[in-house]
Amino acid sequence: FCVSILDQGVDLGATNRRTALPAWSELPPTIVSCGMSYQPLNLATGADFAHVKKVGVIGAGVSGLQMARALKAHGYEVTVFDKAPNVGGLWQENYHSYGVQVPKQLYEFPDFPFETVKYGVLPTGGETQAYIEAYATHFRLLPHIRLNTPVESLEQRVGQKGWVFKLGEGGSEEFDFAVVATGMCSQVTNMPEWTKTLGDFEGTVIHSSQYLSPDIAQGKRVLVIGSAKSALDVTIDTSKVASEPPTILYRGAHWCTPLHILGFIPFQYVFLSRFGQALVSWYKGPWPVGAPCIHTFLSYLLFPVMWVAFRLVELIFKIQRGHWGIYAPNLDVVADFYGYGHLLDTSFISRWRKGELKGQLGEVKRLVKSGAETDSGEVISADVIICATGFRKTYDYLSEKTRGALDIGSDGHYLYRQMLPASVRDLGLAFCGAECATASNITTYGLHAEYICSVLDGTVALPSEEEMRAEIEKVKAWKRSWMPDTSSRAALVLLHQTHYHDQLLRDMGVAPGRKFCLSELFCPYAPADYNGIIKSA
C-alpha cells in the first residue's frame with residue numbers, strides 16, 4: 001500500500017513515478033481493486049461532448065475559481081456567476097473569529113502557494129479571503145466572472161443539448177454545459193423549527209453566520225445551539241464579552257480531533273498519510289472504488305487489532321479534549337468524524353474547565369419570555385440565541401424533471417466520482433466541489449476541475465451510464481453501511497481522500513504516487529503535492 005503504482009500491478013521499470021501511466025486501453029482488463037475491475041475505457045465516448053464550447057459555472061468560491069481556471073486553460077469559453085459582490089464564497093463573510101481549521105499548507109491552491117501565512121499557522125477568514133482574491137487576480141479570472149448576478153434557475157435548452165441560465169432581474173444566457181460549483185455550504189441557513197415561532201421571547205435569535213461582531217453578545221446572556229466547530233468557536237468568542245458564561249446546548253457530543261495528537265504529533269501525519277489511510281481502511285473498510293485490493297483483505301484480517309487501536313485513539317482524545325460525562329460522544333471516533341468531524345485547539349475545553357462557559361445536553365422545546373425551555377423542562381435564560389446549525393442544500397434552481405434524473409436522497413446527492421450524474425451525457429451537468437467533502441477540500445476541487453475538463457475534451461472517457469449507476473450504488477451501499485445518517489453522507493470522502501484522489505489521477509492517466517521512498521508512506525499529502533495537475537494555459 002505504500003507505493004500506489006505497485007498497487008496497480010503495472011511495471012513502469014525505470015520510468016519516473018511522476019510521469020503519466022499507460023493509457024487505460026493499454027492496461028489488461030484483469031486489473032482488479034477491491035473487487036471492482038478497471039475496464040479499458042471506450043475512447044469513442046469523447047465525442048459525447050464535442051459540441052461543448054461554452055460553459056457556465058455557478059459559484060465563485062474556491063471550487064468555481066479553479067473550475068474557471070481549468071476551463072480557460074483547456075480553451076473553453078467560460079462565464080462564472082455569483083450572487084455575491086466578490087469572489088470567495090463563504091470566506092467573504094462569516095461569524096466573528098472564523099478561519100481555516102487546518103494549517104495553511106493543507107488549505108492552499110495546489111498551484112498557488114499561500115505565502116502570506118507562515119507554515120503550520122491556521123489562517124484567519126480575512127487572510128483566506130485575501131488569498132482567494134489574489135488567486136483570481138493572478139490567473140486573470142475576473143474578466144470571466146459576473147458578480148452580483150444570481151442564477152435563479154437552470155432550464156434545459158429545447159432542441160439541443162445545453163442550458164439556459166435564468167439570471168436575476170430577468171436576464172438569461174445559454175451554455176453548452178453547466179457546472180455547479182457552490183461548495184458544500186450553500187447560503188441557505190439551516191434554522192431549527194422552533195425559531196419560526198418566537199412567542200414572548202424578548203431577545204434576539206440569529207444564525208451563527210450573522211454573528212459578525214462580539215458587540216452582539218457584549219454584556220448579554222448568550223445561548224449557543226450546536227456542537228460542531230462553528231458552535232464551539234462562537235461559544236469561545238462570546239465567553240470573552242458576555243455578562244455571564246455562555247451556554248452551549250447540544251443534542252450529542254462529538255469528537256474533537258486535536259491539532260497535535262499527544263501534544264506533539266500533527267494530526268495530518270496520522271490521518272492524511274498513506275499509512276494513516278491504511279489504518280482507517282483496515283478499520284472501516286477501504287474506499288470501495290479504486291483502493292488497492294490488499295486493503296480489503298487486511299480490513300478483515302486486522303479489524304480486531306484496529307478496533308483496539310482506535311479505542312486507544314479515543315482514550316488519547318478523551319484525555320486531551322475532556323470527552324467525559326455529558327461531553328462523551330456516542331459514536332466511535334471514525335464514524336463520528338464522518339458525520340460531525342472537526343479540529344480544535346485547547347481553548348474550548350480549558351474555558352469549560354475554568355467555568356468561563358457551560359455545556360449542556362438537550363434540545364430547545366420552545367422559546368419563553370426569558371430564554372429557551374429545553375426538552376427536560378429547564379429554562380435557560382438568554383438575551384441572544386445563536387444557532388450554529390449549519391447550512392442546507394437546495395436544488396430549487398433545477399426543474400422537477402432534472403431533479404428526478406439525479407440521485408438525490410435524504411442523505412445527499414450521489415454522483416459518479418462525486419462529480420457526475422450517471423446521465424451526464426444527456427444532462428450536460430457536472431458538480432465541482434459541490435457534492436464532495438474531503439480533509440483537504442481545496443485540493444479535491446482542483447482535481448475535480450481538471451477531471452471535468454478532461455471529460456469534456458475526451459481525455460477521460462466515461463464508462464456507460466449503466467456502469468456509472470452501478471458504481472454509484474456500490475459507493476452508496478458502502479457509505480450507508482457505517483457512516484452516520486446525515487444530510488451530507490453522500491458527499492463524504494474525508495479520511496479516504498488519498499485513495500479517492502488516486503482514482504481520479506488514474507482516470508486522467510497520471511501516476512497517483514506523488515512522493516518518494518518513505519515519504520510516500522508516512523508523510524501527509526498536501527495540496528502542493530498535486531501541483532501541475534491543472535493544465536497551464
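Select Cys436 and show its sulfur: the closest cysteine sulfur belongs to Cys432 and is 9.7 Å away, too far for a bond. A disulfide here is a pair of cysteine sulfur atoms within 2.5 Å. By that rule the count is zero disulfides. Cys436 is also buried, at 0% relative accessibility. Buried means under 20% relative accessible area, exposed means over 50%, and partly exposed is in between, using a 1.4 Å probe and protein chains only. Now select Cys256, which counts as buried at 1% relative accessibility.

Before moving on, note that this is a predicted model, in which local features need pLDDT of at least 70 and side-chain atom pairs count only at pLDDT 80 or more, while totals for chains, interfaces and linings use all residues. Residues are numbered from 1 along each chain as its sequence is written, and side-chain values use heavy atoms, with hydrogens and water left out.

**Stop 1: the nonpolar cores**

Select Phe177 and Leu420. Of the 126 residues in the largest nonpolar core, these two touch the most other members. A nonpolar core is a set of buried Ala, Val, Leu, Ile, Met, Phe, Trp, Tyr and Cys residues joined through side-chain atoms within 4.5 Å. Next, color helix H13, residues 441-456, which gives this core its largest share, nine residues. Helices (H or I, at least four residues) and strands (E, at least two) are DSSP runs, numbered from the N terminus.

Another core lies apart from the largest one. It has 19 residues, among them Val180, Leu406, Leu415 and Leu427.

Stay on Leu420 and display its contacts, meaning heavy atoms within 4.5 Å. Leaving out residues up to four places away in sequence, Leu420 touches Leu415, Ala430, Tyr451, Val455, Leu462, Met468 and Ile472. In soluble globular proteins, nonpolar side chains tend to be buried together.

**Stop 2: the largest cavity**

How many cavities of 30 Å³ or more does the structure hold? There are five. A cavity is a set of points on a 1 Å grid, over the protein atoms alone, where a 1.4 Å probe fits but cannot get out; lining residues have an atom within 4 Å of a point. Grid points are joined across faces, edges and corners, and a volume is the space filled by probe spheres set on the points.

The largest cavity has a volume of about 60 Å³. To see its lining, select Trp287, Val289, Leu415, Arg417, Gln418, Glu471, Val475, Tyr500 and Gln503. Two elements give two or more residues to this lining: helix H14 (465-482) and helix H15 (497-507). By class, the lining has five nonpolar, two polar and two charged residues. Ala, Val, Leu, Ile, Met, Phe, Trp, Tyr, Cys and Pro count as nonpolar, Asp, Glu, Lys and Arg as charged, and the others, Gly among them, as polar.

**Stop 3: Val57 in strand S3**

Go to strand S3, residues 54-58, and pick Val57. Val57 is buried, at 0% relative accessibility. Val179 is 122 residues away from Val57 in sequence, yet the two are 4.7 Å apart in space, C-alpha to C-alpha. Beyond neighbours within four places in sequence, Val57 contacts Gly64, Met67, Leu71, Val78, Thr79, Val80, Phe81, Phe165, Val179 and Ala181.

**Stop 4: two loop residues**

Select Asn94, in the loop between strand S4 (77-81) and helix H3 (125-138). Is Asn94 buried or exposed? It is buried, at 13% relative accessibility. Its contacts, not counting residues up to four places away in sequence, are Ser209, Tyr211 and Leu212.

Then jump to Leu259, in the loop between strand S13 (256-258) and strand S14 (260-261). Leu259 is buried too, at 14% relative accessibility.

**Stop 5: helix H6 and positive phi values**

Select helix H6, residues 274-284, where nine of the 11 residues are buried. Those nine are Arg274, Gly276, Gln277, Ala278, Val280, Ser281, Trp282, Tyr283 and Lys284. Gly285 follows H6 and has a positive phi, near 100°.

Glu169 is not a glycine, but its phi is positive as well, about 60°. Look for Glu169 in the loop between strand S7 (163-167) and strand S8 (172-175). Glu169 is exposed, at 88% relative accessibility.

Finish at Leu494, in strand S26, residues 492-494. Its phi is positive, near 45°, in a residue other than glycine. Leu494 is buried, with a relative accessible area of 10%.

Methods:
1 Å grid on protein atoms, 1.4 Å probe; cavity = no way out; pocket = protein on both sides within 12 Å on 5 of 7 lines; lining within 4 Å.
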